[in-house]
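Subject: Structure handover

Hi,

Here is the structure you asked about. Please open it, then read my notes below.

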Amino acid sequence: MWFKNLYFFAFTRPFECSEEDLEKQLSEHLFTPCASTEQSHFGWVNALGKHGDTTVHAVNGNYLLCARKEEKILPAPVVKDMIEQKVAQLEAEQSRGATKKEKEQFKEDIIFELLPRAFSRYSDTRAYINSVHNIIVIDTSSRGKAEDFLALLRKSLGTLPVTTPSPEKAPDELMTEWLVESNLGANFQLGMEAEFNALGDDGAVVRVKNQDLTSEEIKAHLDADKYVVKVALEWDESLSFILCDDLAVKRLKFYDVIQEQNDDIDSDDVVAKLDADFALMAGELNRFIDNLLAEFSLKASDYLEA
């Protein structure tokens, strides 16, 4: 239940879909296993997995959703070898090389032949929507998977007016200032890890770990015109994370003092525990994202169209 990576987006129009309406629209795009000749399939599953029976789980205005993807695994070397065999056979029979179009057809036929025997790989992506804070928060380390989730939600709802928060000052510039000028907000503290890039396409990349980010060694990198693209931070004695220059949050870890707040809930009541953990996590993340955006002089509500 506890999210480990974040991509978050702001709505450009108020999200006014009720829990019932959202459930109804998602139910028209439920996950079903791939047919024998399908390579992948993406759809909605129960928000609480085997412990729930609805695609939307609502707590304190937070709507939890879960999308499942099935992908058929076809080893590229196997497909390549089979294509080469087809090409060699054509050359032997017709004394000529295969055209690009023929090779593409060979590949299509081979994939169609192999799909019914391919193994499947499943992955779940969770997210939640909070209309008061005007955000949708997706638990993934991949921008592509975040976009896939949004595309499925857009398909289900018919429209999804969201955007990536974009500060006027480039994030890498401000992150560099945090180290140079020590002007990070009161709720945030520097961690012990960072990544720096030098200017230019072929510029040096420096990664440091277990390193005091206010040390002279780090200052030397900054004086050499390197800029910060990732930095470890801690927030409000509640969580730690790596912030990237696209505002993605990686390796998110909630401190024990937060997770232990629900230890008094009966462990046998799995649904109650999941419900309480989600409410606690979403509440903390809503505050955290508000604080993080404020460091970039932003508010999620800024993106609502007048």
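Start with one term: a residue is called buried when its relative accessible area is under 20%. Keep in mind that this is a predicted model.

First stop, A300. Look for A300 in the segment after α8. Is A300 buried or exposed? A300 has a relative accessible area of 4%. The cut-off is 20%, so A300 counts as buried. Now look at its surroundings. A300 touches A10, F11, H133, N134, I135 and L293, leaving out residues up to four places away in sequence. A300 and F9 stand 291 residues apart in sequence. In space, their C-alpha atoms are 8.2 Å apart.

Next, helix α5. This helix covers residues 171-181. Which of its residues are buried? They are P171, L174, M175, T176, E177, W178 and L179. What covers them? The cover includes two helices, α6 (216-223) and α8 (270-295). It also includes the strands β8 (188-198), β10 (226-235) and β11 (239-244). After α5 comes S182. The phi of S182 is positive, near 55°.

Last, the surface. Where does negative charge gather? D256, E260, D263 and D264 form a patch of it there. Take D264 as one of them. D264 sits in the loop between α7 (256-259) and α8. The cut-off for exposed is over 50%. D264 has a relative accessible area of 68%, so D264 is exposed.

Best wishes

Notes: Residues are numbered from 1 along each chain as its sequence is written. This is a predicted model: local features need pLDDT of at least 70, side-chain atom pairs count only at pLDDT 80 or more; totals for chains, interfaces and linings use all residues. Side-chain values use heavy atoms; hydrogens and water are left out. Buried means under 20% relative accessible area, exposed over 50%, partly exposed in between (1.4 Å probe, protein chains only). Helices (H or I, at least four residues) and strands (E, at least two) are DSSP runs, numbered from the N terminus. Contact means heavy atoms within 4.5 Å. Patches are made of residues with over 30% relative accessible area and no salt bridge: like charges are joined within 9 Å, nonpolar side chains (Val, Leu, Ile, Met, Phe, Trp, Tyr) within 5 Å. Accessible areas come from the Shrake-Rupley method with a 1.4 Å probe; for residues, only the protein chains shown count as cover. A salt bridge is a side-chain nitrogen of Lys or Arg within 4 Å of a carboxyl oxygen of Asp or Glu. Lys and Arg count as positive and Asp and Glu as negative; His and the chain ends are not counted. The place of a charge is taken as NZ of Lys, CZ of Arg, CG of Asp or CD of Glu.
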